[in-house]
Amino acid sequence: MRLQDTGLTKEEIKAKVDTYMIETYERFDMVAERARGMYVYDEQGTPYLDFYAGIAVNSAGSCNDKVVLAVIDQVMDIMQTFNYPYTVPQALLAEKICTTIGMDKIFYQNSGTEANEAMIKLARKYGVETYGPHKFEIISAKMSFHGRTFGAMSATGQPDNACQVGFGDMTPGFKYATYNDLRSFEEAITENTIGIMVEPVQGEGGVHPAKPEFLKGLRKLCDDKGILLLIDEVQTGWCRTGAVMSYMNYGIKPDIVSMAKAMGGGMPIAAICATKKVAKAFTMGSHGSTFGGHPVCCAAAFAEVNELLDRDLAGNAKKMGAYFLEQAREKIPALKEARGQGCMLGLEFEEGINSVDVKHKCFDKKLLTTAIGTQVLRLVPPLILQKEHVDEAIRIIAEAVKELM
Ligand SMILES: Cc1ncc(COP(=O)(O)O)c(C=O)c1O
């Protein structure tokens, strides 16, 4: 639906949102009516260069032709059946994902937070049933972000963040250790610990990649203690970081991994993958989802995943991410640090430059970005980007920062 189909103005649409929606988002001042590849178009057809991709979602480009066709095809056949019958898209996607990332089993969910709920539930059930009723504690990282449902929210190590404040007690069974500090995790382990849960790059925490010795060390620590390594690849997964899964950059494998965002090419789908040994803890009726494994979302994901792999968009993410960081360091003023992994990029500014202001200035100059707090600008573009897109984004960000100095 576009404005012109309704006869309404942009201001009238904004007023309806104001009146009827519970607003928890700071909006861009645009009506997004269309998107293709690297661009989002507003109500007047003005293109915006997309360096946020629906927050790390549209990795093979917005409205990728193959994904769109897969959706249309599937919508015409069958949209929803619950999980009683078998469906072709579920089966093909399951095989593709498990064989690509070297995991045994998959369970479908609808969103990142739900995938993390499933990951936490599976780990806890495995712990309790294998070792006894108290073995369900999970250690996650300070400054992590795992989602907004109670389990995932409780795993999130940000007690002062708006996503946790004012909701009463968190779910018991979580402890927090310092990210990139192996000893801190080691010291937090008790006889009740069943697993360690981390993002390979902390996204919402400010785009901080795990150091190799940290993630590899966690794998070894988990093996030594006989506990599980749970990796949240909701934001990092599916080629964003220069590997299919970010954990592959470290040469390790988790016991359970969660994924969402990019896997559906714009459709809402998520999943966990687990080893056979751990996956067995989910028995008939112990977990489920009405929409999880939705045929249309699975068909979209199958097309998206194939696009990402066939076009080596992980390779492109690695190349373009490195080029972006090099150009940023050279051309963007007031930069404290430019960091990231693949095309999961963060620019941290010096005191006095507010990243939210930079984001607004970039928007005015037709570049879409997101800010994390007031210090970091996050760039998570579609992975089809080319040098010319990087050059344009760098030019706009540099100009925006200069205007704020
Ligand atoms: C690492 C990580 N985990 C979980 C989530 C939650 O995903 P969703 O918003 O799909 O529930 C996010 C969202 O930003 C995330 O970055």
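Strands E10 (residues 228-232) and E11 are paired in the parallel sense, with three bridges between them. Within this pairing, Ile-231 stands opposite Val-257 of E11. E11 also pairs with strand E12 (residues 270-274), here in the antiparallel sense and over four bridges. Ile-256 has Ala-274 in E12 as its bridge partner. The side chains of E11 are divided between two directions: Ile-256 and Ser-258 point one way, Val-257 and Met-259 point the other way, and all are buried.

The coordinates are those of a predicted model. The mean pLDDT of the protein is 97, and 100% of the residues score at least 70. Strand E11 (residues 256-259) is where confidence is highest, at 99, whereas the lowest value, a mean of 93, belongs to helix H1 (residues 3-6).

The protein contains 14 helices and 17 strands. Along the principal axes, its C-alpha atoms fill a box of roughly 60 × 55 × 45 Å. The radius of gyration is 21 Å, which agrees with the value near 22 Å that a compact globule of 405 residues would have. Of the 405 residues, 48% count as buried. Among contacts in the protein with a separation of 6 or more, 72% are accounted for by residues 24 or more positions apart.

The ligand is surrounded by 14 residues, and the closest are Gly-112, Thr-113, Gly-147, Val-234 and Gln-235. By class, this shell around the ligand comprises three nonpolar, eight polar and three charged residues. Helix H6 (residues 112-131) contributes the largest share of the shell, with three residues.

Gln-235, one of the closest residues to the ligand, is placed in the loop between E10 and E11. Gln-235 counts as buried because 28 C-beta neighbours lie inside 10 Å, against a threshold of 20 or more. When residues up to four places away in sequence are not counted, Gln-235 touches Ala-56, Gly-203, Lys-261 and Met-344.

Strand E2 (residues 39-41) pairs with E3 in the antiparallel sense over three bridges. In this pairing, Leu-49 of E3 is the bridge partner of Tyr-39.

Asp-50 is found in strand E3 (residues 47-50). With 26 C-beta neighbours inside 10 Å, Asp-50 counts as buried. Leaving aside neighbours within four places in sequence, the contacts of Asp-50 are Met-38, Tyr-39, Val-40, Ser-62, Leu-368, Pro-381 and Pro-382. Of these, Tyr-39 is the residue whose bridge partner in E3 is Leu-49. Asp-50 and Ala-91 are 41 residues apart along the chain, and their C-alpha atoms are separated by 33 Å.

Backbone geometry was examined at two loop positions. Most residues other than glycine have a negative phi. Cys-63, a residue other than glycine, has a positive phi near 50°. Cys-63 is found in the loop between helix H3 (53-56) and helix H4 (65-77). Ala-334 lies in the loop between helix H12 (313-331) and strand E13 (335-341). Ala-334 counts as partly exposed because of its 16 C-beta neighbours inside 10 Å.

How values were computed
Residues numbered from 1 in each chain as written. Predicted model: local features only at pLDDT ≥ 70, side-chain atom pairs only at ≥ 80, totals over all residues. Buried ≥ 20, exposed ≤ 12 C-beta atoms within 10 Å, placed from the backbone. Contact = placed C-beta atoms within 7 Å. pLDDT = per-residue confidence, 0-100. Pairing = 2+ DSSP bridges. Near = placed C-beta within 6 Å. Nonpolar A, V, L, I, M, F, W, Y, C, P; charged D, E, K, R; others polar. Rg over C-alpha atoms; globule rule 2.2 N^0.38 Å.
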